[in-house]
Amino acid sequence: MSDVTAAVPADEHETIRRVLEGTETWAVVGLSNNTSRAAYGVARVLQQHGKRIVPVHPSGETVHGEAGYATLADVPFPVDVVDVFVRSELAGDVADQAVAIGAKAVWFQLDVIDEDAARRVREAGLDMVMDRCPAIELPRLGATTTTKEA
C-alpha cells in the first residue's frame, strides 16, 4: 500500500473503499449552485467518477444537471450515501434523517464531526465515514470510475 493509505486505519480504509466503490446514488446535503462552496466541486468529482448526485438544499435547486430537493425525505428514490456538507452541530440531525430514509452510508465531510451521530449511524447498520472527503479519497484508492464490469 502507498504511504497515503497507510495512515488510514485498516477498518476505516475498508469502509471508505466499500462506500466509494459499492454505491451509486449520493445525496449531497448542502449542495447549491454556489461555485465557491466545497460541495459544488466535490459533487462534480463524484459525477466524474460515475456517481449520481442528488442536491439536497432548502432551495431545492438543480445543480450539475440534477434536480434538487429541499430535504432528504423529499427524494423520491433510494439513496445509497448521504454526503453531509453542514456544520457539525447540524450533522447529527442529517445523519438521523439518512437512517430514516434507508441510506446505506453516511459521509461527513472534512471538519464535520459528531461522534454521537456516527455511533447512531453505525448502530443502525449503516457505514459511516467522518472528517474525510470523497474527492480526496477516490484518487487514493486509484478509482477512476465506478462503472461495474461483470
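Residues are numbered from 1 along each chain as its sequence is written, and side-chain values use heavy atoms, with hydrogens and water left out.

Let us begin with the parts list. The chain has six helices and five strands, where helices (H or I, at least four residues) and strands (E, at least two) are DSSP runs numbered from the N terminus. Read from that end, the elements follow the order α-α-β-α-β-β-α-β-α-β-α. Of the 150 residues in the chain, 47% are buried, meaning under 20% relative accessible area with a 1.4 Å probe and protein chains only. Among contacts (heavy atoms within 4.5 Å) with a separation of 6 or more, 56% join residues 24 or more positions apart.

Now to the sheet. Its five strands form an open sheet in the order β2-β1-β3-β4-β5, and the pairing is parallel; two strands pair if DSSP finds at least two bridges between them. At the edges stand β2 and β5 (127-129), each with a single partner strand, so one side of each has no neighbour in the sheet. On average, neighbouring strands are turned by 20° against each other, direction ignored.

Val28 stands opposite Asp83 in β3 and opposite Pro55 in β2. The path from β1 to β2 passes through helix α3 (residues 38-48), and this β-α-β crossover is right-handed: with the strands pointing away from the viewer, the path from the first strand over the helix to the second runs clockwise. Why is strand β2 (residues 52-56) largely enclosed by the rest of the structure? Four of its five residues are buried, which means that the rest of the structure largely encloses it.

Finally, a word on confidence. The mean pLDDT (the predictor's confidence in each residue, from 0 to 100) is 90 for the chain, and 88% of the residues reach 70 or more. Over residues 1-8, however, the pLDDT is below 50, and it stays under 50 over residues 144-150. Where pLDDT is low, the predicted coordinates should not be read in detail.

Key. Predicted model: local features only at pLDDT ≥ 70, side-chain atom pairs only at ≥ 80, totals over all residues. Buried < 20%, exposed > 50% of the residue type's maximum accessible area, 1.4 Å probe, protein only. Axes fitted to C-alpha atoms, helices over the stretch in contact; angles between N-to-C directions.
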